[in-house]
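Here are my notes on this model, point by point. Please read them with the structure open.

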Amino acid sequence: MPFHRTAPATIARGGLLAAALSLAACRADAEDTRPVATPPNDSAAVTAPITDSAAGVAAPPVDSVPPATAAADTGRAASVANADTSKAASSGGAKVDSAKAKDDGWPVKGPAVLPGSLLPAKRIVAYYGNPLSKRMGILGELPSDQMLARLDREVARWNAADPATPVQPALHLVTVVAQGSAGRDGKWRLRMADTLVERVISWAESRNAVVFLDVQVGLSTLQEELPRLEQFLKRPNVHLGVDPEFSMKGGQKPGSRIGTFDAADINYASRYLQELVAAHQLPPKVLVVHRFTRRMLTNTDRITLDPRVQVVIHMDGWGPPTLKRDSYRHYVHAEPVQFTGFKLFYNNDTKKGHPLMTPEQILALHPKPLYIQYQ
C-alpha cells in the first residue's frame, strides 16, 4: 500500500495492492504509522502464499496466481522531491493550478493527429486493477456487473463536467505484476493468464470501452514482456500502460525502492506499438506511463513522439488534494511530453477524511488531464 516517498510532502501512490501478499497485506496496517519520508514498500510482493486480504486468506487459483505484490498499487508515493518541497508547501493549490504560465510548454507541439486517435478529442476514464484481487483496485474490488455500473456513473459525471470532451470508458488491467519473490526464472514478476485478459476485454466490449494492459517488469524488461502481449495489442481496442516503479534496473527486489524507466525504454515501447499500428492498419495506440517521482522517468526530453502512438504521463499518487496537485505540477506539468493523466483512489485519497477530488477540480489543472484513472 502507500508508502510516503522521499520528501516531507508526499503522496502515496496507489496501484496494485498486491493481490494478496503478506507484504501488501501488512502495508495496509503499516501505512498509517510510517513516517512520511519512508519509501513505499507498496509493491514489494510477498513470498508467502498469495492471498487476497490482510487476513491472509489464500486466493482461489483463477486463471493464474493473483498478483502477488506487484505494485501494491495502493500506495505509491508521488512525492514532491526534497528540492521542491518549499515550493510545494507554499504553492497553495487552485490558484497555482489554474495559472497558465507563458511558454511553459503546454500544449505540446506534437505530431499531427491521425484519424481514429482517441486524444485529444476524447477524455479516457479508466478503472484500474486486477480481477484476482479486491485490494488492487476497483477493477477487482466489486463483482463485474457492479463495477461496470459504477464506471457508467463516473463516465456520466465526466461528460456532465466537460460536455465538449466526450468520455471514452476504459478498463486498465495489470497484466504483468511485480512480485516479492524471484520466481522460477528469477524475474520477480508474474504474467497473468491469457484467459484473464480475455475476460476483461469481454467486460470492456459490453460497454464499448477500450482496454489498457499494464506491465510491471520487475527484473524483466519491456523487450521481454511486450512480445507476449502482441496478440492483444494488435487489436484496435487494446492499449498499453508501463510502470517504472517496478522496473528494477539495479537488480533490487521490487518494492524495496522505486524503480525507473528512461526515455529509451519509453521509445522502445512506442516503436513496438508504432510497428503494430503500421502492420495491422490500426488506429493510433495510447501509451500510459505512470509517474510520481522525478527519478522514475529520466531524460523525458528525449522521448520521441510519433502520430501512431499517443503518450500520456500519468500522475499516480494518493493523498490530500493539495499534495496531488503539487505532484502533478512537479512531475507532469514541469516536464512536458505530450498528454497528461491523473489518478484518483476511492479508498486511499479519502482514508484520512479528505474528499475525493471532483471532475471539476481536476479540470482546473493545467494542462487539463485527458486520461483519468480510478483505483
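1. Val 286 counts as buried, because its relative accessibility is 0%. The model is a predicted one. Val 286 belongs to strand 7, residues 285-291. Beyond four places in sequence, Val 286 touches Leu 118, Leu 119, Ile 124, Phe 212, His 239, Leu 240, Gln 310 and Val 312. Take Phe 212 from that list. Phe 212 and Val 286 are 74 residues apart along the chain, yet their C-alpha atoms are separated by 8.5 Å.

2. Now the nonpolar interior. In soluble globular proteins, nonpolar side chains tend to be buried together. Here the largest nonpolar core has 59 residues. Those with the most contacts inside that core are Leu 171, Leu 213, Leu 222, Leu 240, Leu 287 and Phe 342. Helix 9, residues 263-280, supplies the largest share of this core, with 7 residues. Another core, of 13 residues, lies apart from it; Ala 126, Ala 170, Val 210 and Val 288 are among them.

3. What does Leu 171 contact, leaving aside neighbours within four places in sequence? Its partners include Met 147, Leu 148 and Leu 151. They also include Val 200, Trp 203 and Ala 204. Tyr 127, Leu 139, Val 210, Val 211 and Phe 212 are in contact with Leu 171 as well.

4. Helix 5 covers residues 144-161. Its 18 residues should span 26 Å at 1.5 Å a residue, and its end C-alpha atoms are 26 Å apart, so the two values agree. Its buried residues are Met 147, Leu 148, Leu 151, Glu 154, Val 155 and Trp 158. They fall within an arc of 115° seen down the axis, so they line one face of helix 5. An α-helix has 3.6 residues a turn, so residues three or four places apart point the same way. Asp 145, Arg 153 and Ala 160 are exposed, on the face of helix 5 turned away from its buried side. The buried residues of helix 5 pack against several elements, including strand 1 (123-129), strand 2 (167-178), helix 6 (194-205) and strand 11 (371-374).

5. Helix 6 passes the length check too: its 12 residues should span 16 Å at 1.5 Å a residue, and its end C-alpha atoms are 16 Å apart. Buried in helix 6 are Leu 196, Val 197, Val 200, Ile 201, Trp 203 and Ala 204. They cover an arc of only 155° around the axis, so they sit on the same side of helix 6. These buried residues pack against helix 4, helix 5, strand 2, strand 4 (210-215), helix 8 (230-233) and strand 5 (238-242).

6. The whole structure holds 6 aromatic pairs. Tyr 127 and Tyr 374 have ring centres 6.1 Å apart and planes at 70°, so this pair is edge-to-face. Tyr 346 and Tyr 374 are stacked, at 5.2 Å centre to centre and 20° between the planes. Tyr 346 lies in the loop between strand 10 (339-344) and helix 11. Tyr 127, Tyr 346 and Tyr 374 form one aromatic cluster. Tyr 127 and Tyr 374 are buried, and so is Tyr 346.

7. Two charges over rings deserve a look. Arg 150 lies over the face of Tyr 346, at 3.9 Å from the ring centre. The charged end of Lys 343 sits over the ring of Tyr 128, 3.7 Å from its centre.

Methods
Residues are numbered from 1 along each chain as its sequence is written. This is a predicted model: local features need pLDDT of at least 70, side-chain atom pairs count only at pLDDT 80 or more; totals for chains, interfaces and linings use all residues. Side-chain values use heavy atoms; hydrogens and water are left out. Helices (H or I, at least four residues) and strands (E, at least two) are DSSP runs, numbered from the N terminus. The expected span of a helix is 1.5 Å times one less than its number of residues. Buried means under 20% relative accessible area, exposed over 50%, partly exposed in between (1.4 Å probe, protein chains only). The arc is that of the directions from the helix axis to the C-beta atoms. Contact means heavy atoms within 4.5 Å. Rings of Phe, Tyr and Trp (its six-membered ring) pair if their centres lie within 6.5 Å; planes under 30 degrees apart count as stacked, over 60 as edge-to-face and the rest as tilted. A charge sits over a ring if NZ of Lys or CZ of Arg is within 6 Å of the ring centre and within 35 degrees of the ring normal. A nonpolar core is a set of buried Ala, Val, Leu, Ile, Met, Phe, Trp, Tyr and Cys residues joined through side-chain atoms within 4.5 Å.
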